[in-house]
Amino acid sequence: MEQPKENKMGTMPVNKLLVTMSLPMVISMIVQALYNIVDSIFVSRLSEDALTAVSMAFPMQNLMISVAVGTGVGINAMLSRALGEKKFEAANKTAENGIFIEVLGYVLFLLIGIFVTKPFFLAQAGAGDIANMGIEYTRICLLMSFGIFMQIGFERILQSTGRTIFTMITQSTGAIINIILDFVFILTFKMGVAGAAIATVTGQICAAILAITFNLTKNPDVHISFKGFKPQIIFVKNILSVGIPSIIMSSVGSAMTFGMNKILITFSSTAVAVFGVYFKLNSFVFMPVFGLNNGMVPIVSYNYGAQNKKRLTKTIKLAIMYAVCIMFIGIMLFQFIPDVLLRLFDASDHMLEIGIPALRVISLSFAFAGICIVISSSLQALGHGFLSMMISITRQLIILLPSAYILAKFGGIHAVWWSFNIAEIASLTLSLLFFKHMYNKIIKHLGE
């Protein structure tokens with residue numbers, strides 16, 4: 001087999017490379033964020049209870065996506081490193097074993113959808129209309145989740161080889177189909193939250209078909225074949241060594257959201273709806289940064305494998321600069337037009353009363369979040385996802401939830417939101433300490 005020529009991740013000027021790899025991902029993530037917002041806007045037109053139900057479904061959906069994306073991060077980092085080291089057969093095996101792990105992830109959430117969804121909702125909301133709508137919505141999303149697992153797995157293989165333009169097409173297509181079907185199923189056919197769920201999984205399945213097709217026809221760096229396939233422990237272990245910390249790190253967000261919902265429901269279901277709306281809105285700010293990271297991770301992994309310290313460090317510095325700029329735009333939006341943003345979701349006066357100060361307070365934490373996200377992804381790209389996991393656990397479980405509980409007890413609903421700023425400052429401190437350690441241990445000695 002003819003070996004592929006030197007990948008652009010080792011030759012193209014770093015700033016141009018980061019922009020050309022990240023921009024398609026940023027665009028696709030913005031479309032994805034727009035879908036998240038539009039999806040909830042449609043649901044909010046059903047009722048505030050429907051919006052609350054979908055908000056309460058978020059921890060379980062986030063857990064599912066965490067498993068798919070975390071596995072994808074492992075695929076991305078290991079495959080890019082193998083290409084950087086010119087180990088082309090290892091890159092192929094990494095891709096095949098990575099998809100195998102994604103399939104196992106789907107089987108897990110199929111079982112969770114059948115057996116866990118009902119007790120999960122009853123623990124948050126008790127019996128009633130909110131729980132019934134949430135159970136219906138979540139079961140459909142989990143039972144049909146093979147689309148999201150295949151979509152993410154095959155998209156990460158495309159990203160690993162620098163073909164992010166195809167990932168932009170798959171994600172954007174899936175999101176656009178989702179938005180169109182939201183209109184058809186919710187507003188035209190009056191299918192309620194079930195319509196929203198069916199629209200979601202249909203978009204994911206279409207995106208997965210596209211991602212598989214692009215890998216088979218447009219990705220000469222990786223050759224995937226499952227003929228006679230048997231899982232190989234060494235590749236599974238390598239992927240999971242990066243992927244499991246990433247899964248845990250993202251899953252911590254599910255535990256945090258579940259805990260916050262439990263804290264906020266003591267005030268009102270409207271407070272839970274506000275929190276859900278905040279997550280939809282903040283995705284419009286955070287998703288572009290995640291897109292930037294998706295472009296950055298294979299560059300860092302590739303140049304780590306190629307022992308090129310200069311390109312690696314320049315990539316991280318540029319990514320931090322771009323992330324901070326994106327976050328600044330987010331702060332301005334949340335500070336100056338929070339009422340406009342909330343009214344997109346048909347917000348009641350009570351929702352505005354809670355939501356306007358909430359958005360303004362929480363958005364202050366964006367000033368620190370961009371740096372933390374880039375550093376955390378850099379640690380994963382270097383194969384040290386455990387440190388990223390520790391940052392996430394500290395931020396969301398050790399700092400955020402306890403401080404939110406204390407502030408709720410002694411300061412009321414408006415004090416709760418300051419817990420996000422407290423947690424983000426702690427996260428930034430820990431991120432900088434870990435990155436300094438990693439620089440002195442690994443990056444500093446590259447190429448020696």
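The legends below describe close-up views of a predicted model.

Residues are numbered from 1 along each chain as its sequence is written, and side-chain values use heavy atoms, with hydrogens and water left out. Local features need pLDDT of at least 70 and side-chain atom pairs count only at pLDDT 80 or more, while totals for chains, interfaces and linings use all residues.

**View 1**
Phe328, Ile329, Met332, Leu333, Phe336, Ile337 and Val340 make a nonpolar surface patch of about 650 Å². Patches are made of residues with over 30% relative accessible area and no salt bridge; like charges are joined within 9 Å, and nonpolar side chains (Val, Leu, Ile, Met, Phe, Trp, Tyr) within 5 Å. Accessible areas come from the Shrake-Rupley method with a 1.4 Å probe, and for residues only the protein chains shown count as cover. Helix H11 (residues 309-336) gives the largest share of the patch, five residues. Helices (H or I, at least four residues) and strands (E, at least two) are DSSP runs, numbered from the N terminus. Val340 belongs to helix H12 (residues 338-343). With a relative accessible area of 44%, Val340 is partly exposed; buried means under 20% relative accessible area, exposed over 50%, and partly exposed in between (1.4 Å probe, protein chains only).

**View 1. Packing of helices H14 and H17.**
Two packed helices are described by the angle between their axes and the distance between the axes. For helix H14 (residues 366-381) and helix H17 (residues 419-441), the angle is about 35° and the axes are 9 Å apart. Axes are lines fitted to C-alpha atoms, for helices over the stretch in contact, and angles run from 0 to 180 degrees between N-to-C directions. The crossing of H14 and H17 is left-handed, a term used if the near helix is turned anticlockwise from the far one by less than a right angle (right-handed if clockwise). Residues of H14 that meet H17 include Phe368, Ile371, Ile375 and Leu379. On the H17 side, the residues include Glu424, Leu428, Leu432, Phe435 and Met438. Contact means heavy atoms within 4.5 Å.

Side chains of opposite charge can pair when their charged atoms come close. Glu424 and Arg395 form a salt bridge, at 2.9 Å from N to O. Glu424 lies in helix H17 and Arg395 in helix H15 (residues 385-411), so the pair ties together parts that are 29 residues apart in sequence. A salt bridge is a side-chain nitrogen of Lys or Arg within 4 Å of a carboxyl oxygen of Asp or Glu. Glu424 is buried, at 3% relative accessibility, and Arg395 is buried with a relative accessible area of 17%. A search of the whole structure finds four salt bridges.

**View 4**
Arg343 and Asp339 meet through their side chains in a salt bridge of 3.5 Å, N to O. Because Arg343 and Asp339 are four residues apart in helix H12, about one helical turn separates them. Asp339 is partly exposed, and its relative accessible area is 27%.

**View 2. The loop between helices H2 and H3.**
Lys86 is in the loop between helix H2 (48-84) and H3. Its phi is near 65°, a positive value in a residue other than glycine. Most residues other than glycine have a negative phi. Lys86 is partly exposed, with a relative accessible area of 38%. Glu85 and Lys87 form a salt bridge whose closest N and O atoms are 3.5 Å apart. Glu85 is partly exposed at 36% relative accessibility, and Lys87 is partly exposed at 46%.

**View 3. The loop between helices H7 and H8.**
Lys190 is placed in the loop between helix H7 (164-188) and helix H8 (192-218). Lys190 is not a glycine, yet its phi is positive, about 55°. The relative accessible area of Lys190 is 65%, which counts as exposed.

**View 4. Surroundings of Ala323.**
Ala323 is a residue of helix H11 and is buried, at 0% relative accessibility. The C-alpha atoms of Ala323 and Gly370 are separated by 5.0 Å, although these residues are 47 residues apart along the chain. Apart from its neighbours within four places in sequence, Ala323 is in contact with Val289, Leu292, Gly370 and Val374.

**View 5. Surroundings of Thr94.**
Thr94 lies in helix H3 (residues 88-115) and is buried, with a relative accessible area of 5%. Leaving out neighbours within four places in sequence, the contacts of Thr94 are Ile75, Met78, Leu79, Phe235 and Ile239.
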